[in-house]
Amino acid sequence: MKEKVHLFEIGLVRGLIGMTLGVLIGLGLVSGIRALLGLPVWNPEAAWVLAGVFGTIGFMLMVGVMRDWIKWALGEETPDFPETDPRLQGWAKYLSVSYDHKIIGIQYGVTALIVISLAGLFAIIFRTELIAPGIQFLQPQDYNTIMTLHGIVMIGGMLLGVGAMSNYLVPLLIGANDMAFPRLNAFAYWINVPAVILLVGTLFMGGLETGWTGYPPLSSRAPLGTQWFLLGVYFIGFSSIFGALNIIATVMKLRAKGMTYFRMPVFVWTAAATALIALTATQLIGLSFQLVMFERLFGMAFFEPAKGGNPILFQHLFWFYSHPAVYVFVLTGLGVISELLPVFARKPLFGYRWVALSSFGIALVGFLVWAHHMFTSGMEPYLRVPFMYSTLLVAVPTGVKFFSWVATIWEGKLSFETPMLFVLGAISIFLLGGLSGPPNGVVATDLHLQDTYWIVGHFHATMFGGFLFPFLAAIYYWFPKITGRMYNETLGKIHFYMMLPAFYVQSLGQMQVGLLGMRRRIADYDPALQIEFSHLLITVAAYVIGISLIIAFINFAYSAAKGKVVTTNVWRSRSPEWALLPTPIPAHNYPEPIEVVGEPYDYGLEGAVYVRLSSSAPLRETSEPSLPPDTAVASAD
Amino acid sequence: MFRNFSRSTVRVLIASNHALFRHGLMSLFKKKLGVKVEIVAEVTNFESAIEVLEKHEVDLVIVDYDDDQLNQEDFLRRFVGGGGQKRIILVSLSNPESAMLYDRRELPLSQFEEWFEGWQEASTKLKVSSAGVDKRNNSSRSNRMKHFVVAGFLVVVLTVLLILGAGQVRLLPVAASTQAQPIDQLFRLMFFAIAFLFSLIVVFMLYSIVVFRRRKGDESDARHIEGNTKLEVTWTTIPLIIVLGLSFLGARSLAEVERPDPKALEVDVIGMQWTWRFEYPRYGIVSNELVLPVNKQVVLYLTSQDVIHSFWVPEFRVKQDLLPGGEEFVRTLRITPTEIGSYKVRCAELCGIRHAYMESPVIVVSQADFDVWVAQQTGESTDPVERGRKWSNQYGCLSCHSLDGSKLVGPSWLGLFGSEVKLADGRTVIADEAYIIESIRNPGAAIVEGYPNVMPANVGQDLSDERIQDIIAFIKTLR
Amino acid sequence: MTTQTGVTHSYREKLAINRLGLWLFILSDSFVFGGLLVSRFYLLGTQARPHLDQVVGFVVTVLLLTSSFFMNRAEIAMAHDDRKAFLRNTAITLVLGLAFLVGVVGVEWQIAPFGTADGAAASIFYTLTGFHAFHVLTGVIFLAVVLRNGARGHYSRQKHWAVEAAAVYWHFVDVVWIFFYPALYLIGTPLP
């Protein structure tokens with residue numbers, strides 16, 4: 001019997017109300033205090049910053065994610081594992097707070113797709129403007145805002161996607177019933193919502209003109225929208241940090257019996273390496289952005305040379321995070337590639353230990369290369385050569401992955417369902433992205449390439465190859481496990497065969513126009529460069545990519561509701577979530593502890609078992625397990 | 001219900017206390033279905049069921065859901081997963097319209113068939129795959145070598161094709177400086193390497209995709225190869241050596257690119273939102289065009305008056321950011337132009353609204369022509385209007401104020417002098433000399449309605465009063 | 001951790017997981033303070049520092065270090081189930097922490113010869129002490145919660161995770177000041 005859930009019981013609705021109230025309180029508080037102090041009442045910078053802060057706090061309080069922590073502060077007990085209101089079903093459940101990592105994973109995933117689409121829409125808008133020289137319809141100030149938002153919103157979308165994959169998969173892959181800190185998990189998801197609202201809100205606050213990198217002095221003087229941009233990024237950072245904390249604790253403490261580190265599915269290695277970076281480096285973008293906010297709010301002078309500051313300090317602080325950040329974006333995707341290839345090639349992952357360790361190799365070296373973004377910045381010249389060496393060094397662990405992937409499929413028995421297509425496409429695109437890296441890493445050639453479209457081509461290729469294609473592969477692959485239904489294979493293939501060539505056109509086009517002299521972040525380019533045709537191609541490619549994604553979304557939505565029911569191990573994977581769990585997965589995953597008795601990727605080894613339920617061990621005495629009475633039917637949605 | 005099972009025998013275990021239930025099911029199987037069903041056993045309690053399952057291969061276990069002598073939870077837990085292909089359905093006499101699967105999902109009978117068939121297919125596949133590797137051994141040593149050789153050859157082919165293809169496309173602008181030489185050399189080297197490495201991986205991938213496909217109906221796994229330490233060490237060490245070598249070459253090229261000529265021509269480059277100014281201290285010239293003599297090194301001293309800009313002429317290759325902050329933050333860039341011609345410097349660091357348009361001409365001329373230009377520049381015009389036009393260009397006024405009435409960032413100068421101007425604060429003033437002087441020295445004091453307050457306060461810091469008078473004279477002529 | 005499946009965690013296991021979580025949090029937080037220290041030395045070098053009152057600086061430092069001593073005593077009291085001593089020492093820690101805040105925000109900030117808009121050294125001073133003071137404030141709030149719940153008998157020798165967490169956090173904030181104090185007051189000569 002389903003009780004009707006009132007609109008105001010849905011978390012998202014309450015959160016938005018809370019955010020509105022918080023914004024109003026913030027505005028009122030600042031104006032009130034200023035009036036009391038005898039200052040001119042309306043200071044838009046201070047008022048809107050505090051409004052953004054209170055708005056976010058208001059959202060988080062009202063959405064309900066802080067409930068148990070407040071109880072603990074008041075000395076009240078809470079159940080060991082927090083349960084969600086059973087009246088919330090379907091939409092209401094996903095729009096409210098849940099502590100189940102699978103629900104949270106889906107929340108992350110769907111939000112990621114929405115946010116990525118929004119960022120993509122921004123790109124389509126300004127790509128249309130770039131079809132020809134001259135201003136078609138988008139004035140430079142609006143162009144700068146839309147271009148900036150495309151960058152930062154897409155970054156938010158990628159972090160959400162990484163969160164989706166890590167949070168959904170890690171507990172399942174290590175045989176745990178949930179993450180180490182379920183309430184923190186919910187918090188880390190929900191704070192993204194007000195953060196993205198702040199980012200989009202900049203559109204209505206005069207925009208911003210700095211690019212997502214927000215360099216001062218420009219960012220200290222840019223329009224008011226800059227404040228909500230800085231604040232929004234700050235809160236997205238909270239999500240990264242807390243999410244990462246949870247992953248590390250989970251991987252270190254909740255692995256099943258027999259699952260040594262080198263018997264974990266390789267995806268867990270990449271999730272852990274990603275988490276290590278996100279936990280630590282993210283603080284630096286928070287710090288650098290906060291210092292710019294203080295410059296704007298309090299007249300502070302960190303980056304103003306006239307007052308003793310140094311603009312290069314910002315760049316050091318900023319890039320110390322933002323370079324490792326790119327490995328946060330791609331490492332989990334590379335983990336998906338390593339995880340899926342053995343299944344579709346029916347062959348072990350080649351050199352599993354080397355692949356696992358290479359993730360940490362990339363993470364560690366990734367901390368040592370940030371100043372390659374600053375070769376032309378005017379920093380101390382003697383820093384450039386050491387950073388060139390460290391930058392090129394990243395190619396070594398990355399190369400290990402590439403060679404291992406090829407060696408895995410070599411002499412395999414490949415089948416080409418949609419997930420495999422996206423994985424293979426990802427490899428080739430990430431290869432293109434990676435190979436376009438050394439010209440940037442070598443200082444002399446970077447003098448030509450810095451701030452051009454070559455860089456744009458380089459990072460789009462690495463992002464599409466390291467994040468987007470693997471993320472799509474993961475969605476297709478785990479779709480039947482998550483939803484209990486199969487996606488449409490034909491639409492999946494159409495999606496792939498549209499997206500792959502279109503992306504190549506886009507990427508190679510961007511690299512070419514960059515080499516020829518096209519700078520980044522410009523609404524209008526000189527016809528003398530003769531790059532009009534390339535831009536037309538790039539824009540068409542962008543549209544094709546967009547359409548292919550729409551096809552994918554239709555596929556996902558329709559199949560989740562009406563697709564063919566599947567409950568079996570459709571990919572014949574050895575991984576525990578496929579081998580040991582029914583579909584859809586019950587609320588707390590494994591009904592009893594699982595045991596690891598073999599290696600994860602022993603395809604082709606006769607009789608090899610990887611994981612099993614503890615009680616299905618032959619000739620073993622089973623103790624009476626304590627079970628609750630048979631609860632409600634595990635719902636498929 | 002069991003349409004496709006004529007090929008295999010389904011071995012069934014029925015667990016129920018009720019004789020009626022057991023008999024009913026048996027006759028259902030035998031009579032109605034024409035499926036080869038082997039009733040392995042009928043049991044009435046849990047322990048016997050376990051016994052049977054441990055001793056015999058059973059495909060399907062049917063459990064009487066109503067039977068409270070059977071502890072379903074215990075029973076089901078034992079047989080979830082573990083690689084077993086058994087399927088368990090719970091059937092209830094009190095609820096004859098549906099069957100419950102072991103994962104406790106209810107399916108109506110119409111969907112049950114679908115589920116059952118799907119399971120049957122999958123468990124057939126599972127059976128075959130757990131039998132291990134395909135015994136047909138077509139991967140002998142010589143076969144493997146053959147694959148490598150063919151793939152290797154194709155790598156070379158694709159590399160060559162890529163390099164030839166890249167040669168057909170415009171990639172780099174013409175190289176017009178000595179600094180461009182080592183840089184372009186590095187580019188060429190890296191493009192070859194990129195073509196080769198791309199081919200290496202992609203060819204092996206495509207080869208696998210074509211040759212190492214799964215044959216239709218083959219459900220066995222591939223060869224169990226876990227790794228090869230020697231190979232790992234090789235493909236770690238060789239790239240390491242390559243990147244160290246490339247870094248070394250890069251460092252050497254950088255030194256070459258930055259080699260200073262003590263006799264270089266000195267030019268101060270002042271960047272500001274959104275224009276360039278070039279000052280030649282040796283000659284006392286201020287210009288908004290960068291004129292350079294060919295084959296002579298120029299050392300540019302770069303500084304910004306506001307935010308970070310960047311100096312870049314693509315044909316010269318090198319670029320350097322301009323930082324605000326005066327002396328301490330001046331940076332140098334050395335260029336030796338080698339081709340006479342007209343180029344453009346375009347700002348390469350996002351600097352605000354008109355970043356896209358922050359460009360100035362860069363003109364490389366012969367030494368003789370350069371000397372002529374210098375003479376022209378240093379001789380100052382006697383006409384204040386002409387001088388005023390020059391200052392308007394050089395001090396960046398015209399990057400925001402048009403001369404033809406069009407609206408850029410600030411008000412157009414056409415028809416400005418002597419006109420009535422409505423200000424943002426409500427006042428109406430006449431645009432006379434005092435007004436213009438105030439607009440330059442203290443821009444924020446009288447903002448015109450409808451225009452943003454973005455004129456930098458320091459834009460006129462290098463403008464002497466005499467030069468401002470020249471500008472006023474120039475503005476007066478714009479009717 | 002959960003009783004609805006076969007996997008349960010003992011209190012000891014949960015404690016170990018919580019401890020790991022706390023240390024990971026502290027690891028992350030240290031990067032903020034590290035970044036601030038880097039900024040201080042990047043802008044001012046090792047030869048200069050802001051012009052500050054040494055007496056006030058010394059006093060607040062003593063207050064904070066002493067508070068850590070009393071926090072430790074509170075932890076020891078809890079380990080011996082001495083509730084009275086635990087409450088007393090926690091309260092003293094809290095009061096000293098508040099005194100520190102008064103000393104920094106109430107005194108030092110007011111008597112400083114510069115405002116927030118007066119250049120790089122001033123900005124460094126206000127930001128470093130401000131970030132640190134914010135952490136002291138959250139620590140004080142945490143202690144207040146622990147004090148209140150402790151007074152109601154929620155903690156015992158076997159189960160007092162909140163006390164342990166508050167103490168570790170408090171010590172961390174103290175350690176940060178051990179780096180900030182020399183960076184602001186001792187290294188380099190004061191700028192005019």
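In strand 8 of chain B, B:Phe278 is the bridge partner of B:Val269. The model is predicted, so local features need pLDDT of at least 70 and side-chain atom pairs count only at pLDDT 80 or more, while totals for chains, interfaces and linings use all residues. Residues are numbered from 1 along each chain as its sequence is written, chains are lettered from A in the order in which they are written, and side-chain values use heavy atoms, without hydrogens and water.

**Exercise 1.** Find the strands that pair with strand 8 of chain B.

*Solution.* 
- Pairing requires at least two DSSP bridges between two strands. Strands are DSSP runs (E, at least two residues) and helices are runs of H or I (at least four), numbered from the N terminus.
- Strand 7 (residues 265-272) of chain B pairs with strand 8 in the antiparallel sense, over five bridges. Two residues link them in a hairpin.
- Strand 9 (residues 285-287) of chain B also runs antiparallel to strand 8, with three bridges. One bridge pairs B:Tyr280 with B:Ile285.
- Four residues lie between strands 8 and 9 in a hairpin, and B:Gly284 in the turn has a positive phi of about 70 degrees.

**Exercise 2.** Decide whether the faces of strand 8 of chain B are buried or exposed.

*Solution.* 
- Buried means under 20% relative accessible area, exposed over 50%, partly exposed in between (1.4 Å probe, protein chains only).
- Take one side: B:Thr275, B:Arg277 and B:Glu279 are buried.
- Take the other: B:Trp276, B:Phe278 and B:Tyr280 are buried too.
- Six of the six residues (275-280) are buried, so strand 8 of chain B is largely enclosed by the rest of the structure.

**Exercise 3.** Describe the interface of chain C and chain A.

*Solution.* 
- Count contacts (heavy atoms within 4.5 Å). Chain C brings 38 residues, chain A 49.
- Take the buried area, the accessible area (1.4 Å probe) lost when two parts are put together, summed over both. The value is about 3,700 Å², with 69% from carbon and sulfur atoms.
- Look for salt bridges (a side-chain nitrogen of Lys or Arg within 4 Å of a carboxyl oxygen of Asp or Glu). The rule finds one. C:Lys14 and A:Asp80 form a salt bridge, their closest N and O atoms 3.2 Å apart.
- Assign elements on the chain C side. Helix 1 (11-44) and helix 4 (120-151) of chain C each give two or more residues. Helix 1 gives the most, with 18 residues.
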